[in-house]
Amino acid sequence: MTVLDLVADRLEKVAEAVRTEEAGVPPDDLDAVLDEFGAHVDALAARRLDELAELAELADADPHEDAADRMTGLRRRVRHAAAAQPALRGLGAEAVRLAALTTPRSR
């Protein structure tokens, strides 16, 4: 199951909770998976810093090349993952917030 599947499942559960006026949303694994994804982003960033250090050493031989601007596969993965992680986390959190705001409160 992918992270997007888990986000979709949470949205579906929230929609069902709102539709049936159930209080709360059934627990799922999305937050734990997003925590793991965050750790993955951190690991990619650390690898990118190592890559930059290596590229900087190589660039010493060629002062016309800027190592930080070179698009590598690792740089591309860091950019994609770092951009996706907060959006996915926000979507999951806002779904739960929406459910809390739309379900009737007991009196």
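Reader: What should I know before I look at the model?
Author: This is a predicted model, in which local features need pLDDT of at least 70, side-chain atom pairs count only at pLDDT 80 or more, and totals for chains, interfaces and linings use all residues. Residues are numbered from 1 along each chain as its sequence is written, and side-chain values use heavy atoms, with hydrogens and water left out.

Reader: What is the average pLDDT of the chain?
Author: The average is 84, and 87% of the residues score at least 70. The term pLDDT is the predictor's confidence in each residue, from 0 to 100.

Reader: How many helices and strands are there?
Author: The chain has three helices and zero strands. Both are DSSP runs numbered from the N terminus: helices are H or I with at least four residues, strands are E with at least two.

Reader: In which helix is confidence lowest, and in which is it highest?
Author: Confidence is lowest in helix α1 (residues 3-20), with a mean of 87, and highest in helix α2 (residues 30-59), at 89.

Reader: And what is the span of α3?
Author: Helix α3 covers residues 73-102, and its 30 residues reach 43 Å from first C-alpha to last, close to the 44 Å expected at 1.5 Å a residue. The expected span is 1.5 Å times one less than the number of residues.

Reader: Which residues of α3 are buried?
Author: They are L74, V78, A81, Q85, L88, G92, A95 and A99. Buried means under 20% relative accessible area, exposed over 50%, and partly exposed in between (1.4 Å probe, protein chains only). An α-helix has 3.6 residues a turn, so residues three or four places apart point the same way.

Reader: Changing topic, which residues make up the largest nonpolar core?
Author: Its twelve residues are V3, L6, V7, L30, L34, F37, V41, L44, L74, V78, A81 and L88. A nonpolar core is a set of buried Ala, Val, Leu, Ile, Met, Phe, Trp, Tyr and Cys residues joined through side-chain atoms within 4.5 Å.

Reader: What does A81 touch?
Author: Not counting residues up to four places away in sequence, A81 touches F37, V41 and L44. Contact means heavy atoms within 4.5 Å.

Reader: Why does R89 count as partly exposed?
Author: R89 counts as partly exposed because its relative accessibility is 29%. This residue is found in helix α3.

Reader: What is R89 in contact with?
Author: Leaving aside neighbours within four places in sequence, R89 is in contact with D31, L34 and D35.
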